[in-house]
Amino acid sequence: MTLPKIELHLHLEGAAPPAFIRGLSREKKIDISGIFAPDGSYAFRDFAHFLKVYEAATSVLTRPEDYHRLTLAVLEQSAASGVAYTEAFVSPDFCGGRDLGAWREYLHAITEAATEAERTMGITLRAIVTPIRHFGPARAKEVALCAAETAGPFVVGFGLAGDETVLTPKDFAWSFDMAREAGLRLTCHAGEWCGPDSIRDALRDLRVERIGHGVRAIEDLALVDELAERGVVLEVCPGSNIALGLYPGWRRHPIRELFHRGVKVTISTDDPPFFHTTMAREYDRLAEAFDWDDGVFRQIARTSLDAAFCDPDTRARIA
Ligand code: ADE
Ligand code: ZN
């Protein structure tokens with residue numbers, strides 16, 4: 001498949017190749033050997049453990065230049081999968097600990113790497129600043145301040161990731177209001193580990209226009225109809241859902257039914273090395289499981305492009 005792919009849901013740290021993280025841990029003598037399987041991949045038992053392994057991996061990303069190298073490594077992987085445009089979640093919690101001065105330095109390093117990748121690999125990156133839900137609303141406010149201060153052509157969005165089973169979207173309303181007032185576009189992880197009401201809560205209390213995952217909307221067909229009617233975009237990450245045990249296999253994944261019921265679904269990888277996936281693999285597995293042809297993928301890529309948070313000039317350039 002040679003269609004240019006558009007990815008809207010990718011965690012920058014979660015896309016770090018394990019060899020890259022292991023290399024930095026050796027350089028800095030930080031012992032995180034427990035997060036790797038014997039074959040060198042990341043090892044985790046379930047979602048809660050995944051979050052712990054994820055945070056341990058980020059502990060070696062201690063300098064802006066680490067993020068420069070990380071961004072290049074991630075974009076190289078994505079470009080190899082035929083991705084033309086990526087929106088990545090970036091967390092000031094991991095980049096300078098929510099200190100605005102440090103955050104600006106990390107962001108500068110990421111932006112420089114993105115510019116280099118655009119020139120050398122033809123892939124465009126934009127950032128969605130993202131607090132971590134289980135770190136709590138107070139930290140999310142500091143993250144929102146970082147996001148608002150750096151909103152612009154590169155930082156285009158604000159999101160919420162982390163453990164969906166703790167707290168509620170409403171607890172983060174202040175942060176989302178601040179981000180919206182700064183001109184940022186909004187998305188929130190919901191309907192991954194909690195049911196349909198978590199999606200309703202995010203839409204009502206945070207006024208987001210996209211939902212990260214959102215697949216559990218399928219458990220309430222009235223909500224599915226509402227999503228379709230309102231044109232809410234779902235950032236669906238099938239390989240992630242299957243790797244984390246949410247669905248037993250590709251044919252059982254609800255993306256097909258959501259698509260047929262008129263919901264604006266898009267396709268992303270979430271944290272590709274953790275889930276042994278790539279955008280090319282997601283497309284291949286979906287084509288195989290649902291007999292989807294180029295026409296379906298073209299429609300989904302169009303939806304993704306329309307839902308991208310970048311400015312219209314950037315959208316026109318990557319179209
Ligand atoms: N952070 C990284 N991957 C995530 C996921 N699948 N859900 C919630 N938070 C995440
Ligand atoms: Zn995610």
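## Helices and core of a predicted model

Student: Let's start with W174. Which helix is W174 in?

Tutor: Keep in mind that this is a predicted model. The run to look at covers residues 173–181, and W174 falls inside it. That makes the place of W174 helix α6.

Student: Is W174 buried, partly exposed or exposed?

Tutor: Count the other C-beta atoms within 10 Å: there are 14 for W174. Buried takes 20 or more, and exposed takes 12 or fewer. So with 14, W174 is partly exposed.

Student: How far apart in space are W174 and A140?

Tutor: In sequence, W174 and A140 are 34 residues apart. A140 belongs to the buried set of α5, and α6 is among the elements that the buried residues of α5 pack against. C-alpha to C-alpha, W174 and A140 are apart by 9.0 Å.

Student: What should helix α5 span at 1.5 Å a residue, and how far apart are its end C-alpha atoms?

Tutor: Helix α5 takes in residues 137–150, which is 14 residues. The expected span is 1.5 Å times one less than that number, so α5 should span 20 Å. The end C-alpha atoms agree, being apart by 20 Å.

Student: Why do the buried residues of α5 line one face of the helix?

Tutor: The buried ones are A140, V143, A144, C146, A147 and T150. An α-helix has 3.6 residues a turn, so residues three or four places apart point the same way. Down the axis of α5, the buried residues line one face because they fall within an arc of 160°.

Student: Over to the largest nonpolar core. Which element gives the most to this core?

Tutor: This core has 90 residues, and those with the most contacts inside it are I110, V129, A147 and F158. Setting aside neighbours within four places in sequence, I110 touches Y67, T71, V90 and A127. With eight residues, the element giving the most to the core is α4.

How values were computed: Residues are numbered from 1 along each chain as its sequence is written. Chains are lettered from A and ligands numbered from 1 in the order in which they are written. This is a predicted model: local features need pLDDT of at least 70, side-chain atom pairs count only at pLDDT 80 or more; totals for chains, interfaces and linings use all residues. Helices (H or I, at least four residues) and strands (E, at least two) are DSSP runs, numbered from the N terminus. The arc is that of the directions from the helix axis to the C-beta atoms. Two residues are in contact if their C-beta atoms, placed from the backbone, lie within 7 Å. A nonpolar core is a set of buried Ala, Val, Leu, Ile, Met, Phe, Trp, Tyr and Cys residues joined through C-beta atoms within 7 Å.
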